[in-house]
Number of protein chains: 2
Amino acid sequence: MQTLHTVAEMQAEADRARCAGRRLALVPTMGALHEGHLALVREARQRVGPEGHVTVSVFVNPTQFAPGEDYERYPRTLDADRAALAELVSEDGAGGADAVFAPSAEEMYPFGLPPLTTVRVAEMGRYLCGASRPGHFEGVTSVVTKLFLACRPDVAVFGQKDAQQLAILRRMTRELGFGIEIVGHPIVREKDGLALSSRNRYLSPEERRQAVVLSRALFAAGHAAGQGERSADALRQLMREQIALAPLAEVDYVEVVDADSLAPVETLEKEGPSGGRYLAALAVRFGGTRLIDNTTLRVA
Amino acid sequence: MQTLHTVAEMQAEADRARCAGRRLALVPTMGALHEGHLALVREARQRVGPEGHVTVSVFVNPTQFAPGEDYERYPRTLDADRAALAELVSEDGAGGADAVFAPSAEEMYPFGLPPLTTVRVAEMGRYLCGASRPGHFEGVTSVVTKLFLACRPDVAVFGQKDAQQLAILRRMTRELGFGIEIVGHPIVREKDGLALSSRNRYLSPEERRQAVVLSRALFAAGHAAGQGERSADALRQLMREQIALAPLAEVDYVEVVDADSLAPVETLEKEGPSGGRYLAALAVRFGGTRLIDNTTLRVA
């Protein structure tokens, strides 16, 4: 497993692999890899097969952090990340990652910050996390464009935990015509239901205990929708009640939105624009730590 | 020479060529090919060599026309364009184009218009043509991104006539990390100095006669700068006086700007941000037809 630090090296590596007949997969990460990321790498390997080529990018992208967010303190653990990926190779006969792409900020932003050139998906960034993280999704779509251009994959695997990011990147990828298949991997959870996140390490023991209310709220909404609840407001209320059980929890948003457009809805309908697929999504703060989680609701 | 109509076909063709060891060049056009375009195709061929692969894209991009501009009446002459390119093959031993990429608007904008996803270069689109063509350069950078993703070239050749477009695309290409070399080809002119343009065909005979003032104004500015004139305002005034000699000419802008940032300047300096390179640029209307032209000024 090699580590590449420049865009030009990565492009040359990708072209070599493609012209050797290998399918290429990319797993974009900000590092601080946990089991959720490793599940994405396994998924990537499955998609391209044992002869395929899997790249894991590790880049803490400054432009997707709003002022006052945790860009400076976001964990940077490249050696541990490399070790975790190397271990994946030995435990899995098919191999883990072939390459780690770990560029510097100077390599990714050769003209400095902020860049003049940006990629934007209108509308879809207004809802959910977009409301409280100004510029976040423009940072994401711009850096993922750069990562796609550097790594030139056939398939890219993202976690469903960042559901809004995934929906926006699906749209961007199809609309610009990258020719890249976007795969969303199910959320990986702790035993008590908490979604894995690099930010969970910021939680105090008491915050960590109470953080279970996120997934419980979503499971409750999923259960109610399964039982026939069609009112989005009733589902939102149900989730808010669950979260209120945690005294340290401060709600950022609790939403039910259309799964593709991400626009808030009033009623869950089988004949909705996304074919009866909706997203229950929430963001909750514990002290200085902001956690997100979501689940898909299907009206059959 | 084959004609491809879908992004997927074009990507497959590009990958085959690359993996056969061929270097790829792209000449993006809106069709209505004239000698200026054919010069770009010859330049592209020179850049990739006789064994290389040259694609000419032909796409009249709706999103770069502002409301009220000539999108509907812009000439569409694909058969004649193909014939001109085919002729180029026989007259030039090294060959003309290998492929014409001529997608439909539905193929390029699969979700309809306007697209949610756009690529933008800030600042540089404010000046010159950007002021009178709102949204034009965002349309250009977005569609060129799509064309780059479809055609996957190593080199792309653009005409220097659209100098602002060229500067913006250079910035975009380097800043997003496409790994594509951007080549600017010198302006091709009629004998009397008029820059070739697909829009020249809109001119009445009298307008066509008077249109010579554009290049004369630029040559005058170039001459004055060569003689040591360092005041940008003096050069602007000189150009305006030349254009005023044509009674049918209506000035849109007459500018002297930094060659890279495109910001207007006051004084031409050897130690300027672009190393003493400036652009004298103008846009002039004759009736409903808007013509542009420019020349590079170098302070040695």
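Hi everyone. Before we start, a word on ground rules: this is a predicted model, where local features need pLDDT of at least 70, side-chain atom pairs count only at pLDDT 80 or more, and totals for chains, interfaces and linings use all residues. Residues are numbered from 1 along each chain as its sequence is written, while chains are lettered from A and ligands numbered from 1 in the order in which they are written.

Let's begin with chain A. It splits into domain 1, residues 2-185, and domain 2, residues 198-298; those bounds come from an automatic or database domain assignment. Between the C-alpha centres of the two domains of chain A there are 26 Å.

How do the domains meet? In chain A, 13 residues of domain 1 are in contact with 17 residues of domain 2, where contact means that the C-beta atoms, placed from the backbone, lie within 7 Å. On the domain 1 side, the elements giving two or more residues are α5 (129-132) and α7 (163-176) of chain A. Helices here are DSSP runs of H or I with at least four residues, strands are runs of E with at least two, and both are numbered from the N terminus. That domain 1 side holds 9 nonpolar residues, 3 polar and 1 charged. For the classes, Ala, Val, Leu, Ile, Met, Phe, Trp, Tyr, Cys and Pro are nonpolar, Asp, Glu, Lys and Arg are charged, and the others, Gly among them, are polar.

Finally, some backbone details. Leu113(A) to Pro114(A) is a cis peptide bond, with omega near -10°, and Pro114(A) sits in the loop between α4 (105-108) and β5 (117-121) of chain A.

Over in chain B, Leu128(B) is not a glycine, yet its phi is positive, near 50°. Leu128(B) lies in the loop between β5 and α5 (129-132) of chain B. Is Leu128(B) buried or exposed? Leu128(B) is buried, because 26 other C-beta atoms lie within 10 Å; the cut-offs are 20 or more for buried, 12 or fewer for exposed, and partly exposed in between, with C-beta atoms placed from the backbone.

Note on methods
Two residues are in contact if their C-beta atoms, placed from the backbone, lie within 7 Å.
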